[in-house]
Amino acid sequence: MLIMDEKIKLDTDKDIYVFSDLHIGFANKELNYEIISFINDLKDDNIVILNGDTFELWKYEDFTVTPEENLKKFEEILEYYGNDIKELIHHENVYIILGNHDYGLRFINNLREVIIEKYHKQCLITHGNNCSKETSFKTLEKSEGLFYKFVAWLSSKISKMFSPFYKVKKSEELFNTLYDKFSDSDDDILREVKKHLNYDVIILGHTHQYDHKQIGKSTYINTGKFELNKDFIKISNEISGGKIHLARDNKWIKWYWINTLKLL
Ligand SMILES: [Mn+2]
């Protein structure tokens with residue numbers, strides 16, 4: 001559902017699924033349909049948290065990234081993917097956290113942090129774009145995306161230049177591929193995680209790389225990019241206590257746990 005609060009505390013007995021970096025736009029349309037339908041099936045009985053960059057609102061083709069253009073692209077995405085996506089964004093069990101690629105949603109959904117309190121432990125879920133200056137909310141707010149205008153412009157130029165040779169037609173796809181290879185450094189992420197060590201568990205996305213580390217008394221988990229490896233997190237309530245499952249798969253539904261952490 002769309003929420004204007006920047007931060008909410010969530011108290012639920014339902015299982016919680018966390019996905020990040022879906023980048024739903026007009027690249028990989030077939031895959032996006034599958035992703036939306038997969039998540040849609042979970043939403044009625046569980047809580048679903050979409051942890052940032054759910055939508056690809058940057059416009060690479062003409063580098064217009066004004067707030068109006070962002071919202072216009074969002075409307076186009078909703079129209080393109082139809083009822084499933086409209087149901088998903090308005091459903092009361094679905095929380096959409098802002099990332100840098102869908103920062104343009106802030107006028108209709110400004111949620112930046114979800115905090116889950118369970119078993120006297122606190123878990124923070126946030127996208128993680130504040131780890132670098134260029135993608136931080138502060139910079140985005142100040143420049144209204146000047147940096148992105150440049151990146152998008154460059155990306156579209158490179159795409160056009162190379163497309164006859166490599167058949168890269170869409171700059172949106174190209175940018176995502178580049179980003180997967182040159183994402184934020186471990187130092188940047190670590191610096192960001194260290195700001196939140198008052199939480200027992202810190203769940204970020206943004207880097208597109210699955211990660212799991214113990215830092216002091218806190219556990220840091222990165223959900224990775226669902227579109228790449230089908231990495232996601234399930235926080236379950238079990239009789240034995242709260243558990244965090246880290247799941248991965250290359251086939252829909254038949255996902256398996258790559259790790260299980262005790263939340264208690
Ligand atoms: Mn991001």
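This is a predicted model: local features need pLDDT of at least 70, side-chain atom pairs count only at pLDDT 80 or more; totals for chains, interfaces and linings use all residues.
Two strands are said to pair if DSSP finds at least two bridges between them.

Select residues 210-215, which form strand β8, together with strand β9 at residues 218-223. These two strands run antiparallel and are joined by 6 bridges.

β8 and β9 form a hairpin with 2 residues between them. Select Gly 216 in this turn; its phi is positive, at about 60 degrees.

Strand β9 is mostly covered, as 5 of its 6 residues are buried.

From β7, proceed to the loop between β7 and β8 and select His 208. Phi of His 208 is near 70 degrees, a positive value in a residue other than glycine. His 208 counts as buried because it has 24 C-beta neighbours inside 10 Å, and the cut-off for a buried residue is 20 or more.

The last stop is His 23, in the loop between β2 (16-19) and α1 (29-42). This residue, also not a glycine, has a positive phi near 50 degrees. Is His 23 buried or exposed? His 23 is buried, because 27 other C-beta atoms lie within 10 Å.

How values were computed:
Residues are numbered from 1 along each chain as its sequence is written. A residue is buried if 20 or more other C-beta atoms lie within 10 Å of its own, exposed if 12 or fewer, and partly exposed in between; C-beta atoms are placed from the backbone. Helices (H or I, at least four residues) and strands (E, at least two) are DSSP runs, numbered from the N terminus.
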